[in-house]
Amino acid sequence: MLEQQSVVNSLANNDMLRAQNANCVVMVPPKEFAFNAQTAKDNEFQHVIQAETSAIRRKAMAEFNAMVAKLRAAGVQVIEFDYPTSEIETPDAVFPNNWFSTTAEGTLYTFPMACQNRQQEVRPKALVEALQAAGRSVTQQDSLVSYLEHGAHLESTGVMVMDHINRTIYAALSQRCDREVLEDYAERIGYPKVVSFQTALPSGNPIYHTNVMMAIGEGFCVICDEVIPEFERRFVLKSLAKDKQVISISLEQMNQFCGNLLQLETINGDKVIAMSQSAYQAFEPAQLAQLSSHGKVLAFDVSTIESIGGGSVRCMLGEVFLPTRSRAL
């Protein structure tokens with residue numbers, strides 16, 4: 001009886017100490033990378049570049065390969081998911097964090113994507129095989145893709161910024177983040193608190209993905225709070241400030257992807273913060289000093305992917321919290 005109670009207490013303690021940071025990520029090579037006209041309808045961060053598609057893909061692939069190598073050198077496990085192609089090209093496949101998520105209990109979730117060509121990215125069977133080949137165990141699967149039948153979308157950790165320690169989800173509502181689906185997912189993973197809010201860019205349009213305006217680490221948060229209406233802004237900041245160092249960034253800094261960063265752990269437990277070179281250069285020295293107190297800053301040149309794809313380093317990283325069977329990179 002005492003032994004059984006000890007196991008229960010151990011599980012409870014592990015649950016309370018839920019990890020904020022993954023030490024393993026899925027990255028997808030940009031072999032079909034191109035300007036995506038479907039996503040550009042509500043993604044104001046995308047830009048058309050006059051260049052041959054083959055040249056753009058060579059640059060994107062070089063940026064991807066350099067990022068993979070630098071992350072591995074820092075001690076982060078990277079699983080390269082070289083997905084099978086189909087008749088419909090997937091120009092945004094390099095941003096896998098939008099269609100799946102994982103939990104420490106071993107569950108793989110898949111999500112309803114807003115654009116048709118992005119829906120083609122959802123390949124759970126192939127992903128499970130890649131994860132298991134890398135020593136990560138998927139014990140069960142769950143999907144919210146059926147919401148597509150009702151025209152509702154939830155683009156995973158693109159639209160949900162997770163505070164795992166406090167079991168709280170922060171989400172900017174948009175056509176890519178439906179409130180009903182959001183609350184359903186929170187209930188499925190047992191997160192009792194959802195902080196959803198409106199946003200507005202100078203154009204009047206909402207932010208397409210929450211993770212371009214905010215990021216949450218173990219002890220800090222980066223947020224462009226000026227895009228949140230004042231009556232909601234105070235509540236969001238108060239919630240974050242309870243146990244996080246809040247680093248506020250400007251609209252101009254957000255446009256350089258300062259909000260699109262991710263704190264990770266190495267396989268040895270050291271903290272690193274991944275961001276793009278453009279974000280690194282746009283941060284104030286005092287802000288970088290604040291971030292550096294929470295982990296080693298790793299900056300990556302992904303300028304081609306950022307400019308054409310409208311997403312940055314965080315979007316390229318699909319966190320893996322699944323149980324591990326090895327410590328290999």
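## Leu201 and its loop

Let's start in the loop between strand 8 and strand 9 (214–216), where Leu201 is found. Please keep in mind that this is a predicted model. In sequence, Leu201 and Ile228 are 27 residues apart, while their C-alpha atoms are 9.1 Å apart in space.

Strand 7 (residues 168–172) and strand 8 run parallel and are joined by five bridges. Across this pair, Tyr170 stands opposite Val195 in strand 8.

## The nonpolar cores

The largest nonpolar core has 36 residues. Phe197, Met213, Met214, Met254, Leu261, Phe283 and Leu291 are the ones with the most contacts inside it. Among the elements that give two or more residues to this core are strand 7, strand 8, helix 7 and helix 10 (285–292). Strand 10 provides the largest share, four residues.

Not counting residues up to four places away in sequence, Leu261 touches Ala215, Phe220, Val222, Ile273, Ala274, Met275, Phe283, Leu291 and Arg314. Apart from this core lies another, of 28 residues, among them Val76, Leu264, Val313 and Phe321.

Helix 10 has Gln287, Leu288 and Leu291 as buried residues. Seen down the axis of helix 10, the buried residues fall within an arc of 100°, so they line one face of the helix. Pro285 and Ala286, on the other side of helix 10, are exposed. The cover over the buried residues of helix 10 includes strand 10, strand 11 (245–248), helix 8, strand 13 and helix 9 (277–282).

Now for helix 4 (residues 124–133), where Leu127, Val128, Ala130 and Leu131 are buried. Looking down the axis of helix 4, its buried residues fall within an arc of 165°, so they too line one face of the helix. Lys125 and Ala133 are exposed on the face of helix 4 turned away from its buried side. The buried residues of helix 4 pack against strand 1 (24–27), strand 2 (77–80), strand 3 (100–102), strand 4 (107–110) and strand 5 (140–143). Just after helix 4, Gly135 takes a positive phi of about 90°.

## Ser156, a buried polar residue

Our last stop is Ser156, in helix 5 (residues 156–159). Ser156 counts as buried because its relative accessibility is 0%. What does the side chain of Ser156 reach? That side chain reaches the backbone oxygen of Asn97 at 3.2 Å. Leaving aside neighbours within four places in sequence, Ser156 is in contact with Asn97, Asn98, Trp99, Phe100, Ser101 and Phe111.

Technical notes
Residues numbered from 1 in each chain as written. Predicted model: local features only at pLDDT ≥ 70, side-chain atom pairs only at ≥ 80, totals over all residues. Heavy atoms only, no water. Buried < 20%, exposed > 50% of the residue type's maximum accessible area, 1.4 Å probe, protein only. Polar contact = N/O pair within 3.5 Å; in protein donor to acceptor, adjacent residues only side chain to side chain. Contact = heavy atoms within 4.5 Å. Pairing = 2+ DSSP bridges. Core = buried A, V, L, I, M, F, W, Y, C linked by side-chain atoms within 4.5 Å. Arc of directions from axis to C-beta.
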